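Hi,

Here is the structure I promised to pass on. Have a look at it first, and then read on for what I found in it.

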Amino acid sequence: MGESIREWFDALIYALQADKGMFWAAVCGGIIVLCALLSLLRRVICRRSKEKYAPESKSKFCGEATGETYPQWTHMVSPSGNKSIAFIPVEQDEAGEGEGDFLTLAEKISGCGDLLPETLVQRIKKRNPYSLAEIVAAWPNCSPLLRKQLTTLVDEQQMMSLYLRKILNEVQSPQVFFQAWPLFGSEALLESMVELLGNRDEKLQMTGVKLLSTIKDPRTAPPLAMALMQPARYLPARVADVFVALGKDGARLLVYLLPEVDGENKIRVLQVLGQMRVAYPADNVIVCLQDANPAMRVAAVEALGANPSLSNVSSLSIAVDDENAKVRAAVAKALGEKGDLAAEEWLTALSRDDDWVVAATAKEALANLKSDQRRFTL
């Protein structure tokens, strides 16, 4: 029988090959029949599967009207008191992320009144630290009670610290962190950012400078001052960069610290003040002009020259006759930068100095001073 079937099949193939149109028609017909059979088989399997699990589904959702609420479903007793049950689908919102929910997390937070519902609390925790952006966006529309709860939540979940870690790993931009800082910034986190200035990785050092310089939190000044006194651990140039960004708040602290430090530490403080170019009470700096160390006197002159509050040059005149040429050269440069016409007499005297560096510096400063004078009189 097998041989006869094979002979019949070979004869069929030969006939189809003889007529190519009939061959392709047979191929297409066979494909259609095969698809129909597969569809029928799928329906049979689905029907049997439903019959198998129907009793379990019925027992899960179709009980008596006992007042229970089942997962994804609830029921109502009819007004007549009959025990007939009407089932109503209930949207399942896992931590506030159910289907059909088109509100952002920020919109939900700002619209929940004085207290966060547990679903939102869990959603915020689940998305930590990325939910920090949503909290910041919602903050202006939150009530005082809600802000207090959000502050506690941000602190408990260490959102700022975790977000900072994302920034350091170059996963996140620092923009949200900057926006959140006035709301949730802490001294402990400031200290951890100051630590970056002592990191061996130059890239992390510069990230620390960028973060602290953008935040400009006055609370940064004390840990920065401590860092300035430890040059072996923290790079003084990076610390100075942040002090420059702090402006007056940083300068006032450094001036206040001057009498409390000495030696190289005092010189570093004066050098930072010389870079800041902000107004501050200069009495403690002027005292340093009498120091026995010429390097200290040079640093003090440079700090005074950078202080824009000194409209006159009387404080610098103390060092015009200094015995050290480097100090006199620093005075000549500072007097020229002041642009005060009262400095012309001292600059003229310094232009005749025996030290050629002092004389050259004074002549250049004097020329600039006269040039500025002509420009203003025109």
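Before anything else, a cut-off you will need below: a residue is called buried under 20% relative accessible area and exposed over 50%, with partly exposed in between. Also keep in mind that this is a predicted model.

**Overall picture**

The protein chain has 19 helices and two strands. Of its 378 residues, 36% count as buried. If you take contacts between residues at least 6 apart in sequence, 58% of them join residues at least 24 apart.

On confidence, the mean pLDDT of the chain is 81, and 74% of the residues reach 70 or more. Residues 53-80 have pLDDT below 50, and that stretch has 42 contacts in the model beyond near neighbours in sequence. Residues 82-100 also stay under 50, and here the model has 47 contacts beyond four places in sequence.

**Salt bridges**

How many salt bridges are there? The count comes to seven. Let me go through a few of them.

One is Arg233 with Glu195, whose closest N and O atoms are 2.8 Å apart. Arg233 sits in the loop between helix H11 (221-228) and helix H12 (236-246), while Glu195 belongs to helix H9 (residues 187-196), so this pair ties together parts that are 38 residues apart in sequence.

Arg219 and Asp217 make another salt bridge, with 2.8 Å between the closest N and O atoms. Here the two partners fall into separate classes: Asp217 counts as buried at 9% relative accessibility, whereas Arg219 is partly exposed at 33%.

Then there is Glu134 with Arg127, where the closest N and O atoms are 3.9 Å apart. The cut-off for a salt bridge is 4 Å, so this pair qualifies. Arg127 is partly exposed, with a relative accessible area of 27%.

**Helices with a buried face**

Take helix H4 (residues 118-126). Its buried residues are Leu120, Val121, Arg123 and Ile124. Around the axis they cover an arc of only 165°, which puts them on the same side of H4. On the other side of H4 you will find Glu118 and Lys126, both exposed. The cover over the buried residues of H4 includes helix H3 (105-110), helix H5 (131-138), helix H6 (144-156) and H7. Note that an arginine, Arg123, is among the buried residues here.

Which of its residues are buried? They are Gly250, Ala251, Leu254, Val255 and Leu257. Looking down the axis of H13, these residues fall within an arc of 160°, so they line one face of the helix. H11, H12, helix H14 (263-276) and helix H15 (283-287) are included in what covers them.

**A helix pair**

How do H16 and H17 lie relative to each other? The axes of helix H16 (residues 294-306) and helix H17 (residues 325-338) come within 9 Å and cross at roughly 0°, and the two helices are therefore roughly parallel. On the H16 side, the contact is made by Pro294, Arg297, Val298, Val301, Leu304 and Gly305. H17 contributes Lys326, Val327, Ala330, Val331, Ala334, Glu337 and Lys338.

**Loops and backbone details**

A few places for you to check in the loops:

- The peptide bond from Asn128 to Pro129 is cis, with omega near 5°. Pro129 is in the loop between H4 and H5.
- Lys216 has a positive phi, near 50°, and is not a glycine. You will find Lys216 in the loop between helix H10 (202-215) and H11.
- Arg277 is another non-glycine residue with positive phi, in this case near 55°. Its place is the loop between H14 and H15.
- Asn169 lies in the loop between helix H7 (159-168) and helix H8 (175-184), and is exposed at 51% relative accessible area.

How values were computed: Residues numbered from 1 in each chain as written. Predicted model: local features only at pLDDT ≥ 70, side-chain atom pairs only at ≥ 80, totals over all residues. Heavy atoms only, no water. Salt bridge = Lys/Arg side-chain N within 4 Å of Asp/Glu carboxyl O. Buried < 20%, exposed > 50% of the residue type's maximum accessible area, 1.4 Å probe, protein only. Helix = DSSP H or I, 4+ residues; strand = E, 2+ residues; numbered from the N terminus. pLDDT = per-residue confidence, 0-100. Contact = heavy atoms within 4.5 Å. Arc of directions from axis to C-beta. Axes fitted to C-alpha atoms, helices over the stretch in contact; angles between N-to-C directions. Parallel < 35°, antiparallel > 145°, perpendicular 65-115°, else oblique.
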